[in-house]
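Colleague: I have just opened this structure and would like to learn how to read it. Could you take me through its features one at a time?

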Amino acid sequence: MRSENTVDTADAARHERFGRLPDRVPYEEMVEERTSTPRDLASAYDPEGSWLSFSCVAADLGL
């Protein structure tokens, strides 16, 4: 009987501290749709910054 009273007391304290959960957000409010624009392929390649994405074992080891 004592454990039931403790559970009720803890439940009441938790409800007083946190109250209730916020209302659910509808999916329509979480999604933003935008029209996409095609990329300009002439400016897509950057030879000066291309070394930043270079990946090989020698580069990983710092050789």
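Colleague: What does the pLDDT of the protein average?

Modeller: In general, pLDDT is the predictor's confidence in each residue, from 0 to 100. Here the average is 75, and 62% of the residues score at least 70. Where pLDDT is low, the predicted coordinates should not be read in detail.

Colleague: How many helices and strands does the protein have?

Modeller: Helices (H or I, at least four residues) and strands (E, at least two) are DSSP runs, numbered from the N terminus. This protein has three helices and zero strands, giving the pattern α-α-α along the sequence.

Colleague: What share of the residues counts as buried?

Modeller: Of the 63 residues, 0% do. The accessible surface is about 7100 Å², with 55% of it belonging to carbon and sulfur atoms; such areas come from the Shrake-Rupley method with a 1.4 Å probe, and for residues only the protein chains shown count as cover.

Colleague: Which residues form a nonpolar patch on the surface?

Modeller: Patches are made of residues with over 30% relative accessible area and no salt bridge; like charges are joined within 9 Å, nonpolar side chains (Val, Leu, Ile, Met, Phe, Trp, Tyr) within 5 Å. In this case Val25, Tyr27, Met30 and Val31 form the patch, with about 420 Å² of accessible area together. Tyr27 sits in helix 2 and counts as exposed because its relative accessibility is 59%.

Colleague: How many salt bridges does a search of the whole structure find?

Modeller: A salt bridge is a side-chain nitrogen of Lys or Arg within 4 Å of a carboxyl oxygen of Asp or Glu. The search finds three. Asp11 pairs with Arg14 at 3.6 Å, N to O; both lie in helix 1 (residues 2–18), three residues apart, about one turn of the helix. Asp23 bridges to Arg20 at 3.3 Å, and both are exposed. Glu32 meets Arg34 at 3.1 Å, N to O.

Notes. Residues are numbered from 1 along each chain as its sequence is written. This is a predicted model: local features need pLDDT of at least 70, side-chain atom pairs count only at pLDDT 80 or more; totals for chains, interfaces and linings use all residues. Side-chain values use heavy atoms; hydrogens and water are left out. Buried means under 20% relative accessible area, exposed over 50%, partly exposed in between (1.4 Å probe, protein chains only).
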